[in-house]
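Trainee: I would like to work through this structure by question and answer. May we begin with the sequence and the model?

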Protein chains: 2
Amino acid sequence: MQEILSALAEPNRLQIVELLRRKPLAVGEIVERLRLRQPQVSKHLRVLSDAGLVEARPVGQQRIYRLRAQALKEVDAWLDPYRRTWDERFDQLDDVLRDLKRKHKEKKDGHGK
Amino acid sequence: MQEILSALAEPNRLQIVELLRRKPLAVGEIVERLRLRQPQVSKHLRVLSDAGLVEARPVGQQRIYRLRAQALKEVDAWLDPYRRTWDERFDQLDDVLRDLKRKHKEKKDGHGK
DNA sequence: CAGACATATTCTATTAGGGGTATATATCGC
DNA sequence: GCGATATATACCCCTAATAGAATATGTCTG
């Protein structure tokens, strides 16, 4: 998960992923479209590949990279517990305040931990 | 989006987000739980806040941070076009191969762009 | 097997990001 | 207003990540 996120956090790599969403591409094609130098693209592809986000298959002298969208399922799964939250109107601030007051009081009253 | 991803890419920040999923917390509480130093936590919170992932509200001398799960909706939306893909059995490699052959032939035959 | 071509790797330089310490700012209780 | 507490910011150091240029590897064509 961590690895996937850091891989996607780099702008050029995110672009590569988006390119590969449409269809698999050879390294050279990515180079053309992103106006990056070939070694950089190869390096970024390496990172993406290590994170499981893409995979290559050799065809003649070139390597066709394609997206492994399954890897993104992990992100999807991570999001899951948050889905519940993101429409909630109220926040639990009241709880928190009550909590704070309690702790504060305890401190004042000086009780053993 | 880019900003959100880079914010989440840092392990400690991801942990903070996960902490705040349960309930809002004051800076000091995050410090305790993550065993980080206070300035680091403040800095990470700054990044998360700039990315729209958290928001603070002052309560007395402390600042209660809470998650803005709506920000994660963006990630969810970004994933959307990929959902279609990630269960597909076959890949479009055949298309790609056909494409390559065509281009190759064109090159050989030497036609104007 | 000699190029030509496509891609990967290596090495180096530069930069960005995170950690540490000290300090500034703001609010509380008295 | 003063000391204490909570948090934010500034500054410095260091590592890690990125870019750039040169080169290595591998495969095709003739």
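This is a predicted model: local features need pLDDT of at least 70, side-chain atom pairs count only at pLDDT 80 or more; totals for chains, interfaces and linings use all residues.

Trainee: How do the residues of the surface near DNA strand D divide into nonpolar, polar and charged?

Mentor: A residue is near a strand if its C-beta atom, placed from the backbone, lies within 6 Å of it. Ala, Val, Leu, Ile, Met, Phe, Trp, Tyr, Cys and Pro count as nonpolar, Asp, Glu, Lys and Arg as charged, and the others, Gly among them, as polar. On these terms the surface near DNA strand D divides into six nonpolar, nine polar and five charged residues.

Trainee: Which element gives the most to the surface near DNA strand D?

Mentor: Of the 20 residues around DNA strand D, those that come nearest are Ala26(B), Gly28(B), Pro39(B), Ser42(B) and Gln62(B). Two or more residues each come from helix 4 (38-50) of chain A and from helix 3 (27-34), helix 4 (38-50) and strand 3 (62-67) of chain B; helices (H or I, at least four residues) and strands (E, at least two) are DSSP runs, numbered from the N terminus. With six residues, the element that gives the most is helix 4 of chain B.

Trainee: Which residues are the closest to DNA strand C?

Mentor: DNA strand C is surrounded by 20 residues. Helix 4 of chain A gives the most to this surface, with six residues, and the surface divides into six nonpolar, nine polar and five charged residues. The closest are Ala26(A), Gly28(A), Pro39(A), Ser42(A) and Gln62(A).

Trainee: In chain B, which residue in the turn of the hairpin has a positive phi?

Mentor: Two strands pair if DSSP finds at least two bridges between them. Strand 2 (residues 54-59) and strand 3 of chain B pair in the antiparallel sense over six bridges, with Val59(B) opposite Gln62(B). These strands form a hairpin with two residues between them, and the residue with a positive phi, of about 65°, is Gly60(B).

Trainee: In what order do the three strands of chain A form the open sheet?

Mentor: Chain A has six helices and three strands, and along the sequence the pattern is α-α-β-α-α-β-β-α-α. Six bridges join strand 2 of chain A to strand 3 (residues 62-67), which run antiparallel, and Arg57(A) stands opposite Ile64(A). The pairing in the open sheet is antiparallel, and the order is 1-3-2.

Trainee: Why does Leu53(A) count as buried?

Mentor: Leu53(A) is in the loop between helix 4 and strand 2 of chain A. A residue is buried if 20 or more other C-beta atoms, placed from the backbone, lie within 10 Å of its own, exposed if 12 or fewer, and partly exposed in between. Leu53(A) is therefore buried, since the number of other C-beta atoms within 10 Å is 25.

Trainee: What percentage of the residues of chain A count as buried?

Mentor: The same cut-offs apply to the whole chain. Of the 113 residues of chain A, the share that count as buried is 21%.

Note on methods
Residues are numbered from 1 along each chain as its sequence is written. Chains are lettered from A and ligands numbered from 1 in the order in which they are written.
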